[in-house]
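Please keep the sequence and the model in view while reading.

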Amino acid sequence: MSEVRHNWTKQEILDIYNKPFMELLYEAATVHRENHDPNTVQVSTLLSIKTGGCPEDCGYCPQAARYHTNLEGNDLMSVSQVKAQALRAKTAGSSRVCMGAAWRNVKDGPEFDQVLEMVRTINKLDMEVCCTLGMITENQAHRLAEAGLYAYNHNLDTSEDYYKDVISTRAFKDRLDTIDNVRKSNVTVCSGGIIGMGEALEDRAGMLVALSTLDPQPESVPINALVAVEGTPMADLPPIPIWDMVRMVATTRIIMPETQVRLSAGRTQMSREGQAMCFFAGANSIFAGDKLLTTPNPDVNEDMAMFKLLGLNPQKAFTKVSQPQTVEAKDSQYAAKGEKPKWTRPGHTIDRNEAAKKKANLTE
């Protein structure tokens with residue numbers, strides 16, 4: 001088994017990323033086979049339980065209220081709606097349901113209580129449950145853990161250096177603090193980022209430094225290719241080449257050998273051959289379903305056909321970590337505190353984000 005290191009440097013990661021392509025693929029595939037079944041891929045379904053109206057200014061995101069992206073928003077889904085979607089996903093081959101809400105941070109109250117009930121409901125279906133709800137406190141993490149949450153997703157997005165060119169409404173440290181709060185519970189961590197946002201190779205390496213030096217390393221790392229959406233500040237950026245995705249997946253696999261590396265957003269722009277290279281290089285998790293929150297994704301039947309072609313099998317639930325026990329609300333040891341943490345608002349402006357906001361105001 002490969003050694004898990006927590007002291008990777010940016011230069012070491014760049015040296016790996018820039019290796020001759022075939023050498024990089026071989027090394028990554030070797031590490032992958034030492035730590036994982038190369039013919040098994042986790043299949044997750046991402047469900048937007050509350051869409052649009054987010055107060056953040058993330059330059060890549062169509063859910064930001066300040067941009068005009070023709071996104072049809074919706075209020076928080078009901079527990080019964082979520083259960084129906086989860087059952088449909090399970091029938092289609094998913095072992096995990098990831099629920100996303102377009103919130104800056106979790107606020108104690110009826111809506112969070114409703115999300116906790118969603119978590120309880122899905123865990124009782126013997127499916128892994130993941131949530132991405134924005135920043136959370138330690139107490140909120142414990143409440144999610146009690147409900148039966150398996151994983152919490154909170155992406156770093158990019159390097160700390162480039163972060164300020166993507167988002168101005170929160171700080172990189174808030175991301176790390178949220179991950180730290182999750183780690184104080186028994187919930188696993190899912191955290192990755194996006195490439196193709198105009199960042200330098202040094203920023204990709206910087207993001208991997210931040211992830212790999214966490215101890216423990218995240219159990220899941222999504223690697224997303226930017227999906228440029230009309231109306232967002234990054235609408236005009238070109239698609240990322242498949243070679244960059246393969247290199248990023250391979251590098252992530254080598255420096256985080258035990259982690260599930262998820263091939264996430266941008267798969268509609270990838271051929272089956274391109275995706276096959278990513279699986280060979282160490283990707284062993286995907287999102288299935290026709291949407292990733294709000295952006296297009298390959299149809300689940302297409303994915304199952306690709307799995308059959310490549311001889312891949314969906315990973316069963318709770319293969320890596322045992323199933324959490326669900327504590328009912330009436331038996332909870334953690335009550336709502338009505339916390340109002342002061343998450344950071346850096347206060348700087350990003351020219352392209354401001355331009356997109358101004359354009360949206362003119363079209364309204």
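## Basis of the description

Helices (H or I, at least four residues) and strands (E, at least two) are DSSP runs, numbered from the N terminus. The model is predicted, so that local features need pLDDT of at least 70 and side-chain atom pairs count only at pLDDT 80 or more, while totals for chains, interfaces and linings use all residues. Residues are numbered from 1 along each chain as its sequence is written, and side-chain values use heavy atoms, with hydrogens and water left out.

## The annotated cysteines

An unreviewed UniProt entry lists Cys54, Cys58 and Cys61 under "binding site"; such positions follow the numbering used here, feature names are shortened, and annotations may be inferred rather than shown by experiment.

Cys54 is placed in the loop between β1 (40-50) and α3 (79-91), and Cys58 lies in the loop between β1 and α3. Cys54 is buried at a relative accessible area of 11%, and Cys58 is buried at 7%, where buried means under 20% relative accessible area, exposed over 50% and partly exposed in between (1.4 Å probe, protein chains only).

Contact means heavy atoms within 4.5 Å. Leaving aside neighbours within four places in sequence, Cys54 is in contact with Gln63, Ala64, Ala65, Ala102 and Trp103; with residues up to four places away in sequence not counted, Cys58 touches Tyr67, Val166, Ile167 and Arg170.

## Helix α4

Helix α4 (residues 110-123) has 14 residues and reaches 20 Å from its first C-alpha to its last, close to the 20 Å expected at 1.5 Å a residue, the expected span being 1.5 Å times one less than the number of residues.

Among the buried residues of α4 are Phe112, Val115, Leu116 and Ile122, and what covers the buried residues of this helix includes β1, α3, β2 (96-101), β3 (128-132) and α5 (138-147).
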